[in-house]
Amino acid sequence: MTTPPEPLTDHGLFDAVVNLCKRRGFVFPSAEIYGGIRSTYDYGPLGAQMLRNVREAWWRAMIQERDDVVPIDAAILTNPKVWEASGHLATFTDPLVDCRNCKERWRADQIDGACPNCGSTDLTEARPFNLMFKTFVGPVEEDASVAYLRPETAQGMFVNFLNVVTSMRRKPPFGIAQIGRAFRNEITPGNFVFRTREFEMMEMEFFVPPADSPRWLQYWCEERLAWYQRYGIASEKLRLRPHDTEELSHYSSGTTDVEFLFPWGWGELEGIANRTDYDLSAHEEHSGTTLEYFDQATGERYVPHVVEPAAGATRTMMAFLLAAYDEDEIGGERRTVLRLHPRIAPYQVAVLPLSKKEALTPLARDVLHRLQRYLMCEYDETQSIGRRYRRQDEIGTPYCVTVDFESLVDEQVTVRERDSTEQTRLPIDDVVHHLLERLDL
Ligand code: ATP
């Protein structure tokens, strides 16, 4: 039987999740044996799998389950003229201030006139700091070989607009979607993987006839909010927040953020922006290539407007972990449980032979192989069964399948469900079907 959990303090929740991530192999400080590098992380075995599940859940909703969005995978290093045209070279900046007392640097809009480190108010004037990482392509470090690591994936979609329209015979409204790494030289990274200098984005550019963009902005706000709920975040922990006019990015005529209630307060998971024809027009001007859509049916010619839902995969993974973390009591014993959605959990099933005795191994491995064809499984035969259940609860595995000595005789196994801890005895031949039915949400 489960009893309601005692609420963790928010500070306790953050520490508990960060701790669990390290201990159980979700997220490690990068290059830890060398002392790490500030706010940079490596995704461990469970984190790599979970991040992949986050991407797949997004891909499924944004591409697979629709017929009006196609994917691309563009280069990270591209022609620097892209960043000139997009406005990133001139305006992708944060206001930087130095503390004259302790020499720390801060984002002016994130502090309250005093240095958070030493409290001094002796700060320099804010100056714009460009967040793009600069590098050199080829062996010579000269101006002509400067390139930038992309700070967003979106431009890869804009510069391929014509290629996609032509090769895929697309007509607005339609979208181009992409998942990939992006890089921003953030002045103050922090809060674990919430803000890092290298992160992963999931972005979609939806090209529409100009007059329709407000309606599509509304549509995508509702769709994206529902996506977070579908994958397990309670609606009280989510909200849509429209930007004030002063807050809008240089390309936007209207933006709404999907926000999650992080332990320190509301924070952005995703920005949904009406980018108008800003990007396509800018690329037309800089490249000299016409980026209009010609509608043969109406004879109309126009530069489409773009509605963009831009989400962070790594930040979303953190939100899923925080939302799923729970502690309760089972039969007088306290347990930690990640109530992750089955499609987001690193493993969907753990196969657990009751004992390491050789007699059980062939059958247990047979069950494992049957399940592995469809689901991510873990096989674990060490320690007591109770401890193994606890471990699976702690990493969010929704089902455990236990093979015991009875199984050798009756060809049945026990399926244990993570949240209720309920156990069901089932014929081995039915297990795959039984689990797929429950997991295919
Ligand atoms: P912020 O105002 O927090 O710097 P932003 O408004 O510049 O973020 P966008 O450009 O809208 O962010 O990026 C889209 C999404 O990419 C964000 O909602 C977030 O999920 C993710 N993201 C942006 N910057 C980072 C970062 N430094 N680390 C992790 N994820 C990030």
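Predicted model: local features only at pLDDT ≥ 70, side-chain atom pairs only at ≥ 80, totals over all residues.
Visitor: How many disulfides does the count come to?

Guide: A disulfide requires two cysteine sulfur atoms within 2.5 Å. The sulfur of Cys118 lies 3.6 Å from its closest cysteine sulfur, in Cys99, which is too far for a bond. For Cys377, the closest cysteine sulfur is in Cys400 at 11 Å, also too far for a bond. By this rule, the number of disulfides is zero.

Visitor: Is Cys377 buried or exposed?

Guide: A residue counts as buried when its relative accessible area is under 20%. The relative accessibility of Cys377 is 11%, so Cys377 is classed as buried.

Visitor: Is Cys118 buried, partly exposed or exposed?

Guide: Buried means under 20% and exposed means over 50%, with partly exposed in between. Cys118 has a relative accessibility of 34%, and therefore counts as partly exposed.

Visitor: Which side chain has an N or O atom 2.7 Å from an oxygen atom of the ligand?

Guide: The ligand is surrounded by 16 residues, and Glu186, Arg195, Thr196, Glu268 and Leu269 are the closest. Ligand oxygen atoms also lie 3.4 Å from a polar backbone atom of Glu270 and 3.1 Å from one of Gly312. At 2.7 Å from a ligand oxygen, the side-chain atom belongs to Glu268.

Visitor: Which element gives the largest share of the shell around the ligand?

Guide: The ligand sits in the largest pocket. Two or more residues of its shell come from each of β11 (198–208), β14 (265–276) and β17 (305–312). The largest share, four residues, is given by β14.

Notes:
Residues numbered from 1 in each chain as written. Heavy atoms only, no water. Buried < 20%, exposed > 50% of the residue type's maximum accessible area, 1.4 Å probe, protein only. Near = heavy atom within 4 Å. Polar contact = N/O pair within 3.5 Å; in protein donor to acceptor, adjacent residues only side chain to side chain. 1 Å grid on protein atoms, 1.4 Å probe; cavity = no way out; pocket = protein on both sides within 12 Å on 5 of 7 lines; lining within 4 Å. Sits in = over half its atoms within 2 Å of the grid points.
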